[in-house]
Amino acid sequence: MDKIKEVVNNPALLEEKLKEFFNKVDVDKKGYISHEELKQALENTAKELNLPKPEREPTEEEKEKAKKIADPDGTGKITFESFRTLSLAAIEEGKKRGKL
């Protein structure tokens, strides 16, 4: 968890890691990823990092809010900028809850 805190508290390193993650998921290099690709990549990363399961499942309202941030146009395509915005919102929420 210390490594995660180091990354989220260093803006330049965070930006670099977000780009690396997005580019890893965007295997066909189209400049966007799908909702399912993002979900699968996040699940795989959590397993690889041996992160604890969330204390609770997100509510439908929380899922919808995240979906609107990730895909504001409703195209089914998540661009890097939308992914970045969603990631930063999740980090801020984690900080508010004392998790980061």
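Lys 29 is exposed, with a relative accessible area of 56% (exposed means over 50% relative accessible area, with a 1.4 Å probe and protein chains only). Lys 29 sits in the loop between α2 and β1 (32–33), where helices (H or I, at least four residues) and strands (E, at least two) are DSSP runs numbered from the N terminus. Although not a glycine, Lys 29 has a positive phi of about 55°. Asn 50, likewise not a glycine, has a positive phi of about 55°. Asn 50 belongs to the loop between α3 (35–48) and α4 (60–70), and is exposed at a relative accessible area of 67%. For context, most residues other than glycine have a negative phi.

The model is predicted, with local features needing pLDDT of at least 70 and side-chain atom pairs counting only at pLDDT 80 or more, while totals for chains, interfaces and linings use all residues. Residues are numbered from 1 along each chain as its sequence is written, and side-chain values use heavy atoms, leaving out hydrogens and water.

Turning to helix packing, helix α2 (residues 11–25) and helix α5 (residues 80–96) pack at an angle of about 125°, with their axes 11 Å apart (axes are lines fitted to C-alpha atoms over the stretch in contact, and angles run from 0 to 180 degrees between N-to-C directions). In α2, Leu 14, Glu 15, Leu 18, Lys 19, Phe 21 and Phe 22 meet Phe 80, Phe 83, Arg 84, Ser 87, Leu 88 and Ile 91 of α5, contact meaning heavy atoms within 4.5 Å.

Key. Buried means under 20% relative accessible area, exposed over 50%, partly exposed in between (1.4 Å probe, protein chains only).
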